[in-house]
Amino acid sequence: MKKSKYHMQRPQIRLAILFLIPWITGLILFSLYPIVSTIYYSFTEYNLMKPPVFTGLKNYRNIFQDKNFYQSVYNSLYFVVVGVTLELALSIFSAILLNAKVKGRGIFRTLFYLPSIVSPVANAIIWMWMLNPQYGLVNSFLKTLGIPQPLWLSSAQWSKPAAILMALWAVGNTIIVYLAGIGDIPTEYYEAIELDGGGPIAKFRYITWPMLSNVTFFQLINGIIVGFATFTQSYMVAAIEPKGNGMLGGVKNSLLFYAVNIYNEGFRYLKFGYASALAVIMLLGMILITVILFATSKKWVYYGGGGRDE
Amino acid sequence: MSKKKLKRVGIYAILLLVAAFFFIPIVWMISTSLKGSDEVFLSPPRWIPKNILWSNYTAAFEAIPYLKYLLNTLQTTGLAVIGNIISAPMIGYAFGKLRWPGRDKVFLLVIATMMLPFSVTMIPLYSMSAKFGWINTYIPLVLPDFLGKSYFIFLMRQFYMNLPDELLEAARIDGAGEFWVYKKIALPLVKPAIVTVALFSAVWSWTDFMGPLIYLNRAEKWTISLGLSQFTNTYGVDWSLLMAAAVIAIVPMVILFFCLQRYFIEGSMNSGIKG
């Protein structure tokens with residue numbers, strides 16, 4: 001009986017093979033081949049004009065003596081740790097607000113979502129104007145409140161918070177995902193807390209947060225991946241800020257994120273081998289982070305018993 | 001009673017505050033885009049310009065070949081959408097409904113590629129595209145869409161898995177071929193998902209920056225995002241012009257959003273929750 005399990009489904013297998021041909025082609029062409037070549041290039045000196053020359057571990061040795069590498073790792077970690085935490089916090093908070101029975105929910109939901117369909121380039125331009133130290137709306141607001149006004153993207157200290165602000169502005173998608181998650185929580189759970197005399201904090205602590213932990217887990221992984229890929233903000237700052245010298249990285253390299261560093265080395269200096277070694281380190285780092293997150297997820301991620309989960 | 005009322009007022013106040021964060025930059029962008037240089041740098045800022053300069057918009061079109069960029073982006077976006085609405089329903093079906101040995105293990109590869117950052121693969125992809133003569137063409141930008149983007153495969157699979165098997169089985173028992181079952185039974189049932197794929201694919205393609213930046217170095221091939229990013233090279237930082245240019249780049253997606261809002265929201269709701 002068991003043996004014939006797939007025998008019966010031979011037509012299905014045939015169709016599956018047919019349907020998977022494009023995917024397999026794409027997998028090889030756009031994922032597997034690039035990964036293998038990046039690893040190969042990382043052991044070579046390569047500038048696209050001439051074929052790669054094998055140089056062993058030289059690129060890696062150079063990377064670990066390169067202060068731009070450490071600066072970019074620091075910047076990206078800062079961006080990911082602070083940025084993703086704030087993104088998740090703002091998303092959950094907004095979703096809880098949107099879930100409240102208020103008038104105009106639909107309008108608020110639209111307003112919260114809208115910035116996430118604005119292109120990253122336009123997003124950066126809008127916020128560079130908002131955060132303009134002299135004429136920007138944010139600083140003129142701070143001025144009326146009598147709060148000191150930071151130089152934002154023109155200062156090494158405030159440029160990363162400014163870049164995080166740009167990322168925060170585009171969290172609409174995550175808000176909606178959380179909103180869907182909150183909608184799935186049975187209201188009886190909250191009623192039970194109310195019966196025990198618990199307030200909103202208890203409801204969040206014991207119901208909302210644990211029930212949303214699976215959403216948080218996936219948004220966390222996604223946020224980390226997107227966070228390490230941060231590029232456009234730095235590019236736009238270099239394109240618009242008058243102090244830029246053409247290289248991407250902002251004031252005192254404070255916006256030299258990891259992906260920006262790869263771009264600089266590869267496409268500005270044409271050091272493709274060196275940039276590939278940076279890419280390999282990034283890939284290993286991402287794998288490590290993902291493995292750690294999955295390993296610890298059993299401790300804090302709650303998967304509902306059956307229900308909608310597959 | 002009054003405590004409850006106070007709570008409601010509080011919720012509205014916070015909602016408005018958060019809404020301000022999301023919406024004020026858009027209002028400010030539009031306001032700036034209509035100002036003359038005398039009003040742009042006013043302090044305190046003026047929300048509604050005294051002199052509304054629609055001419056900033058025509059100036060933005062004249063400063064750079066913006067119309068050309070729009071048409072180019074229409075091409076890349078159109079091709080990407082076509083690619084994705086063909087590939088994702090097919091591949092998603094193979095992972096979500098067809099039965100074949102090792103299916104769910106192979107699907108882990110889809111998840112893995114979903115997590116692969118472009119920064120890791122861009123150097124070999126660039127050098128590969130250079131070898132194939134694909135630089136300054138839209139092939140490297142849209143070919144991945146025709147071969148199946150993992151995110152959309154994932155999304156389609158979710159939708160297929162919610163379909164009851166009995167529907168397909170009934171057709172099979174009636175002697176229907178597998179492709180017929182796909183085309184006539186499965187596909188019509190996941191139409192909303194296909195609309196979602198089309199929309200997200202349109203937004204991604206329209207707003208993509210790094211791909212066009214790397215693959216397109218001839219200005220006549222540029223997309224709107226790339227053109228917008230290079231705006232200051234030709235014109236310096238003229239904020240009202242820059243804002244007008246940004247508005248032009250955003251408007252098509254906003255129109256799309258307001259026409260098909262339901263699908264955007266439903267698509268977001270179905271993304272990434274149920275692993």
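Predicted model: local features only at pLDDT ≥ 70, side-chain atom pairs only at ≥ 80, totals over all residues.

Student: How far apart are the centres of domain 1 of chain A and domain 2 of chain A?

Tutor: The domain assignment of chain A places domain 1 at residues 3-41 and domain 2 at residues 67-300. Taken over C-alpha atoms, the centres of these two domains of chain A are separated by 34 Å.

Student: Which element gives the most to the side of domain 1 of chain B that touches domain 2 of chain B?

Tutor: In chain B, the assignment gives domain 1 as 1-53 and domain 2 as 62-269. Their contact takes 7 residues from domain 1 of chain B and 6 residues from domain 2 of chain B. On the domain 1 side, the elements that give two or more residues are α1 (2-33) and α2 (37-40) of chain B. The most, 4 residues, comes from α1(B).

Student: How many residues on that side of domain 1 of chain B are charged?

Tutor: The residues on the side of domain 1 of chain B that touches domain 2 of chain B are divided by class.

Student: Is B:L168 buried or exposed?

Tutor: B:L168 lies in helix α9 (residues 165-173) of chain B. A residue counts as buried if 20 or more other C-beta atoms lie within 10 Å of its own. Because B:L168 has 21 other C-beta atoms within 10 Å, B:L168 is buried.

Student: What distance separates the C-alpha atoms of B:L168 and B:V181?

Tutor: Leaving aside residues up to four places away in sequence, B:L168 touches B:K97, B:V181, B:I185 and B:A186. One of these, B:V181, is 13 residues apart from B:L168 along the chain, and their C-alpha atoms are separated by 6.4 Å.

Student: How many residues in the contact of α5(A) with α12(A) are nonpolar?

Tutor: The crossing of the two helices, α5(A) and α12(A), is right-handed. Their contact includes A:A124 and A:M128 of α5(A), and A:M236 and A:I240 of α12(A). By class, the contact has no charged residues, 2 polar residues and, as asked, 8 nonpolar residues.

Methods
Residues numbered from 1 in each chain as written. Chains lettered and ligands numbered in written order. Domains from an automatic or database assignment. Contact = placed C-beta atoms within 7 Å. Nonpolar A, V, L, I, M, F, W, Y, C, P; charged D, E, K, R; others polar. Buried ≥ 20, exposed ≤ 12 C-beta atoms within 10 Å, placed from the backbone. Left-handed = near helix turned anticlockwise from the far one by under 90°.
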